[in-house]
Amino acid sequence: MKKLALILFLLCSAILNAQILKVAADKNPAIVGEQILIQYTINTKGDNFKSPNFKGLRVLSGPNPSTQSSYSFVNGKSQNTSSTTYSFYLKAIKEGTYNISPASITVQGEKIQSKRYSLKVVKGSEKNKAQQKSLANNLFIKVETSKRNIVVGEQILVTYKLFTKVDLHNTELSSLPALNGFWAKELEASSRFKRDVIDGTSYNVATIKKSVLTAQKSGDLVIDPMELKCSIRIQKKRNNRDPFANFFGGGYNVQEEFIRSKPINIKVADLPNPPPNFKGTVGKMNISSEVDNTTINANDAITYKLTITGTGNIELIEPLNIQFPDDFEVYDPKITDRIFEGGRKRSIKTFEYLLIPRYKGNYTIPSANLVVYNTKNKQYETKKSSKHTLTILASKNNEQETGSTSQRQVKTEQKDIHYIFTESNLQAIKKRVIHVKLFYTLFFLPIFLLILLWIYNKIVGKTDKSSSDWKNKKANKIALKRLKTAQNCINSSDFDRFFEEIEKSLWGYFADKFKVASADLSKETVSSYFKSSAIENAVESKFIALLDECEFARYALASNKNAQMDAVLSKAKNIIIEVETALK
Amino acid sequence: MKKLIFILPLFFTLNSSAGEQLFLQANSEYANENYSTAIFLYDSILANGLESAELYYNLGNCHYKTQNLANSIWHYEKSLQFGKKEKTTHNLALARLKIIDRIEPLPQLFYKKWRISLTQVFNTKIWQTLALIFVLLFFLLKLITQFTTLKNKLLLQVLSVLTLMSLFFTHSSYTQNFVKKEGIIFTSTVIVNSAPTSNSTNLFSLHSGSKVVIIDEIGDWINIRIANGNSGWITQNSIKEL
């Protein structure tokens, strides 16, 4: 018998040595919304547990490992057993059948896998639903916004409050609200519970989150829900058989629940016709400025402080465009903002400029202008800070101011369009141009007339012999042309060549005019041609006389050759002109 | 009816002193930064059938101040049609810096540049008058030389050159201001198509304030070319002709 027991024991331990990873659920099928416990158990110590994939199920917590070990001593024999359990708390949101993939664990270098587990989730009964509902009534997040209809740039205060009637063990933010289209600024929130009564029911209320949202774009914007994981303590049902438990107030079950706030729609409208210098500042604010010292030496520092106080998107205000005097050195401002700090109702933003005047004189710092859209009376307002007049005295170390190195170039910092014309000669539209046809008529009329005149001269000038003017002019021209070389000879007082040239030109003229070959040139041919052309005898005799004179002069010594030359030249000219006029 | 149309502008032109009055009134509104009132007054002068380079320039300034850059550029360009003024070109350059499109103009040959800048020295009317004066002088001088013995060849040559030059610039100025059609884009964005149909390829896009040259028109579509040489088709309503 003993032997048999020993064999059985050995067998058992052999079986026990073959490790398996068991999987079990506390309820299967489970109900929608219910908390499900799934445990993976192994009878030995293992490590490197890999969680299964709970697709479609929400993991409330896990894996939570717990180890149990027992040491028993029976009949002088010691027995040591240990087991490890990994438990998951799950929640199903929809009904259906969920296939949970195997989990795995490594035991002494060997990987052990669990089985696939199939979990069925069914719809809850009415009672269950009611229970859920009552929970929703007892534990919820309420989002409060200061306004639902705003304009771009306007701020709203959003408060997330947790209302509870149940015994909360622990809360944890599981997802933060997404704030698309908003610029958010978190404020301090006191998370202490206070008592508050809604519809006659008292709740414990805590402010979880408080933030100031600034709308950055227009349209319907949504503040997405916030999700909170709450652990609720539920007292176990009284177990009368356990006096100790009763004595210590009984045990608690911890149930985990997810609660979500409702999404909130905010309507954001565009700003109505913003003025050109509007930078998107919305709210109700005031602007003030101060200077620490109004009388100071050149090259000493002044602090100019610009303070903006009020409500609105003050933190988004960029440094204002202040036209500091040109002779001041201006450093970038030091910006500090206290946005609703310490529970304040207003925000404060300061710009602190460090200015260093470089030259002595009286200067004015103009007021800084801030255009604000007032959401209350729906108007744009220009807030102005005060002007400051500064008296800058001469620098303590004089040489720097008077030295040539401190000379600076006059430069234009900004460009703007020129001012309008103050006077104008207004004229009727369409009178900007002389009509094209009229213009061309007027333009080409004189030219046309000139052309007509030219044509007239061409035709009439040739046929009409009586127009002596015309002919004289032409004859003159011809004579001058012929006697050009002779003229040159006078200028150079070349006597011999002069008479030769005169003779040559006269003969040349005669030959060209009457188309006589040079071989036939003689005084006889002259008289015959002249006669046939009906030229007077006087002209003929003059012509011949001149030729004789030239011939004679070439070989004779004359006392006053210069006077003779001039006389001969004018004679030759006259003769050619006479012949020309007689021929026409 | 035709007579009436003819008489109406005459009646208004007689009223040019009233126009001056409006002009001065608008100037004081501008000085007080009431730009929209000033625009209204200046526009009423235009509606009365009167215009001037200064009027268009002042209107351009008003539109510039009210951030209406396309309108501002249009009026500056209009003002330049009356002749080049330093103030106008300066303001136009500033307004052009503020619009979205920056179009790099094609490099032009030096003589073309000279021609354009010389053409802009006077407006078309002055060029026309100059041409007429020169041709008349030429004509008179020619007559004088013809019938008397007085002679001045050099003066005649100079006059003929001047006449030809002024005729050339008159023509150039006339084509520039009256024949060559230009326009300013007025819609904020316009897509330039490759053909005069809405489903043709989109070549590029232009934004308000850009200047285009109008080459052709087919129905509601106009063929435009911009300063960098690109061309395409846009709808007529997106542009205001100069």
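Reply: Two strands pair if DSSP finds at least two bridges between them. Strands (E, at least two residues) and helices (H or I, at least four) are DSSP runs, numbered from the N terminus. The model is predicted: local features need pLDDT of at least 70 and side-chain atom pairs count only at pLDDT 80 or more, while totals for chains, interfaces and linings use all residues. Residues are numbered from 1 along each chain as its sequence is written, with chains lettered from A and ligands numbered from 1 in the order in which they are written.

Chain A contains 11 helices and 32 strands. Of its contacts with a separation of 6 or more, 71% are between residues 24 or more positions apart (a contact means C-beta atoms, placed from the backbone, within 7 Å).

Start with a hairpin in chain A. Strand E29 (residues 369-374) and strand E30 (residues 379-384) of chain A run antiparallel and are joined by 6 bridges. A:Tyr373 faces A:Tyr380 of E30(A) across the pair. The hairpin has 4 residues between E29(A) and E30(A), and A:Lys378 has a positive phi near 55° there.

Next comes a sheet. Its strands, 3 in number, are ordered E23-E31-E28 in chain A, and the sheet is open with mixed pairing. Strand E23 (295-297) and strand E28 (361-365) of chain A each have a single partner strand, so they stand at the edges, with one side of each left without a neighbour in the sheet. From one strand to the next, the twist averages 30°. E28(A) runs antiparallel to strand E31 (residues 388-393) of chain A, and 5 bridges join them. In this pair, A:Ile365 lies opposite A:His388 of E31(A).

Now the helices. The axes of helix H7 (residues 484-491) and helix H8 (residues 495-514) of chain A cross at roughly 170° and come within 9 Å (axes are lines fitted to C-alpha atoms, for helices over the stretch in contact; angles run from 0 to 180 degrees between N-to-C directions). H7(A) and H8(A) are therefore roughly antiparallel (over 145 degrees; under 35 is roughly parallel, 65 to 115 roughly perpendicular and the rest oblique). On the H7(A) side, the contact is made by A:Thr485, A:Ala486, A:Cys489 and A:Ile490, and on the H8(A) side by A:Arg497, A:Phe498, A:Glu501, A:Ile502 and A:Ser505. The contact of H7(A) with H8(A) has 5 nonpolar, 2 polar and 2 charged residues (Ala, Val, Leu, Ile, Met, Phe, Trp, Tyr, Cys and Pro are nonpolar, Asp, Glu, Lys and Arg charged, the others, Gly among them, polar).

Another helix pair in chain A is helix H9 (residues 523-532) and helix H10 (residues 537-555), which pack at an angle of about 160° with axes 10 Å apart. That angle makes H9(A) roughly antiparallel to H10(A). H9(A) contributes A:Lys523, A:Val526, A:Ser527 and A:Phe530, which meet A:Val539, A:Glu540, A:Phe543 and A:Ile544 of H10(A). By class, this contact of H9(A) with H10(A) has 5 nonpolar, 1 polar and 2 charged residues.

Finally, chain A touches chain B. The contact takes 24 residues from chain A and 36 residues from chain B. On the chain A side, strand E32 (427-428) and helix H5 (436-463) are the elements that give two or more residues. H5(A) gives the most, with 8 residues. By class, the chain A side has 17 nonpolar, 5 polar and 2 charged residues. E32(A) also runs antiparallel to strand E1 (residues 50-51) of chain B, with 2 bridges joining them. A:Gln427 has B:Glu51 as its bridge partner in E1(B).

Methods
Two residues are in contact if their C-beta atoms, placed from the backbone, lie within 7 Å.
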